[in-house]
Amino acid sequence: MTASYLAQLQNNPGWFAINVLVPVLLPFAVIAAVATATGGWRLFVRMLKKSIDGGQLFWVALGMMAATGYDAFSAYQSRPHLRELIGWTLGSCVVGAFFSSIFIAVNTARTSQSQTVSTRVIWISVLVTIVMSYFYPLLHFTFSWC
C-alpha cells in the first residue's frame, strides 16, 4: 500500500503540489521571503509564530477535508467495492470539518477580544493539517484509481 501510494505521488507531482504543498507550504515560503528581505531570520521566526498562533492552519485542513469529502462522494456510485471506506471517509470529513469550524470560531472570538489562543489548539491545528496532508492524497488516489 505504501509503495503504491508513493508511486502515485511520484506519478502525480503536479496534483500533489497544487492540492497539498501550495496551501500548506506556500504561505510559509512567502513569509520567509518577506521576512528575510525586510528584517532577517529573527523576524521570520516571529512572523511564522504569528501566522499559526490563532489556529489558522485549521482553514487549510478544512479545505482538504472538503476536497476529500468531494472525492469520496464522487466515487460512491462508481466504486461500489469501496462504499464502506467511502462512508467512513465522508463521516470523518464531516466530523473533522465540524470540529475544525468550531476551533476556527472560538479562536476568532478569542482573537477579536485580544485574548491568546491556547498552545494546545495551535498544536492541534498543526497535527490536523499534517494528518490531512497525508490522508487527502491517499484517499484521492484510492478513489480515483481503484
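This is a predicted model: local features need pLDDT of at least 70, side-chain atom pairs count only at pLDDT 80 or more; totals for chains, interfaces and linings use all residues.
Residues are numbered from 1 along each chain as its sequence is written, and side-chain values use heavy atoms, with hydrogens and water left out.

The chain has six helices and zero strands, where helices (H or I, at least four residues) and strands (E, at least two) are DSSP runs numbered from the N terminus. Along the principal axes, its C-alpha atoms fill a box of roughly 55 × 35 × 20 Å. Of its 146 residues, 36% count as buried, that is, under 20% relative accessible area, with exposed meaning over 50% and partly exposed in between (1.4 Å probe, protein chains only).

| Residue | Location |
|---|---|
| Aspartate 71 | helix H4 (residues 57-75) |
| Serine 114 | loop between helix H5 (83-112) and helix H6 (119-145) |

Aspartate 71 is buried yet has no salt bridge, and the nearest side chain of opposite charge, arginine 79, is 10 Å away; a salt bridge would require a side-chain nitrogen of Lys or Arg within 4 Å of a carboxyl oxygen of Asp or Glu, and Lys and Arg count as positive, Asp and Glu as negative, with His and the chain ends not counted.

Serine 114, by contrast, is exposed, with a relative accessible area of 69%, and its phi is near 60 degrees, a positive value in a residue other than glycine.
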